[in-house]
Amino acid sequence: MSIKTNNRPPARERLLEAAGELFYQEGVHTVGIDRVIARSGVAKATLYTSFGSKEELIRAYLTERHSQWERRIEQKLAEGYDTPREKLLAVFDVLGEWYAEPGFRGCAMVNASAEARPGSPVEQASDEGRAWVRNLFAKLATEAGADDPERLAEQLIILYDGSTVAARMDRNPEAAAIARSVAEITVDAAIKPPKRRARQAKS
């Protein structure tokens with residue numbers, strides 16, 4: 001006698017997958033709970049048992065999407081870039097790959113937080129995601145020997161955000177390459193050459 005096995009993913013996973021597809025393509029405020037339920041094939045009661053509210057579902061969607069983005073950047077940086085400077089610029093290479101994807105519709109966190117309530121779970125998830133990017137830039141800037149790592153990180157965040165908006169609004173994946181060229185000038189201006197650093201240490 002054969003035993004039937006259920007190979008379907010767990011209900012929570014199916015809900016997140018359905019929400020991820022719909023929220024990113026159409027917007028978290030446009031898509032209602034009923035459409036997520038219909039796409040996932042999960043009962044409404046299960047959605048509320050798993051997440052409690054639509055707002056918490058959006059938070060989970062943003063958190064999962066950011067986790068995927070973290071892994072993507074970390075994998076890119078592990079490919080063999082020799083210096084922190086190269087890793088700083090490699091972040092913009094990842095952006096270029098992302099912008100060129102057929103389903104690109106901008107930053108999910110920017111899109112979702114545009115209408116989020118102050119202090120809401122959606123805003124909190126967006127803040128956490130942005131903090132990770134800022135900390136990554138600051139860490140690499142410190143390792144690269146920047147005079148002011150925090151300031152360099154803020155400058156790179158502006159290029160990061162600006163190119164993402166331009167890529168979406170202008171439908172121009174080359175925005176990442178343009179931002180990278182500006183980032184290269186900005187990074188080099190912020191990093192002390194070894195000889196200059198040694199002279200300043202002696203003075």
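# Exercises on a predicted model

A search of the whole structure finds 14 salt bridges, a salt bridge being a side-chain nitrogen of Lys or Arg within 4 Å of a carboxyl oxygen of Asp or Glu. The model is predicted, and local features need pLDDT of at least 70, side-chain atom pairs count only at pLDDT 80 or more, and totals for chains, interfaces and linings use all residues. Residues are numbered from 1 along each chain as its sequence is written, and side-chain values use heavy atoms, with hydrogens and water left out.

**Exercise 1.** Check the length of helix 5 and state what its buried residues pack against.

*Solution.*
- Helices are DSSP runs of H or I with at least four residues, numbered from the N terminus.
- The expected span is 1.5 Å times one less than the number of residues.
- Helix 5 covers residues 84-99, so its 16 residues should span 22 Å; the end C-alpha atoms lie 23 Å apart, which agrees.
- Buried means under 20% relative accessible area, exposed over 50%, and partly exposed in between (1.4 Å probe, protein chains only).
- Among the buried residues of helix 5 are L88, F92 and W98.
- The buried residues of helix 5 pack against helix 1, helix 4, helix 7, helix 8 and helix 9, where contact means heavy atoms within 4.5 Å.

**Exercise 2.** Describe the salt bridge between R85 and D188.

*Solution.*
- The side chains of R85 and D188 meet at 2.7 Å, N to O.
- This pair links distant parts of the chain, with R85 in helix 5 and D188 in helix 9, 103 residues apart.
- R85 is partly exposed because its relative accessible area is 25%; D188, at 38%, also counts as partly exposed.

**Exercise 3.** Describe the salt bridge between E56 and R59.

*Solution.*
- The closest N and O atoms of E56 and R59 are 3.0 Å apart.
- Both residues lie in helix 4, three residues apart, about one turn of the helix.
- An α-helix has 3.6 residues a turn, so residues three or four places apart point the same way.
- E56 has a relative accessible area of 28% and is therefore partly exposed.

**Exercise 4.** Is H66 buried or exposed, and which residues does H66 touch?

*Solution.*
- H66 is found in helix 4.
- At 11% relative accessibility, H66 counts as buried.
- Not counting residues up to four places away in sequence, H66 touches M109, G129, W132 and V133.

Conventions: Helices (H or I, at least four residues) and strands (E, at least two) are DSSP runs, numbered from the N terminus.
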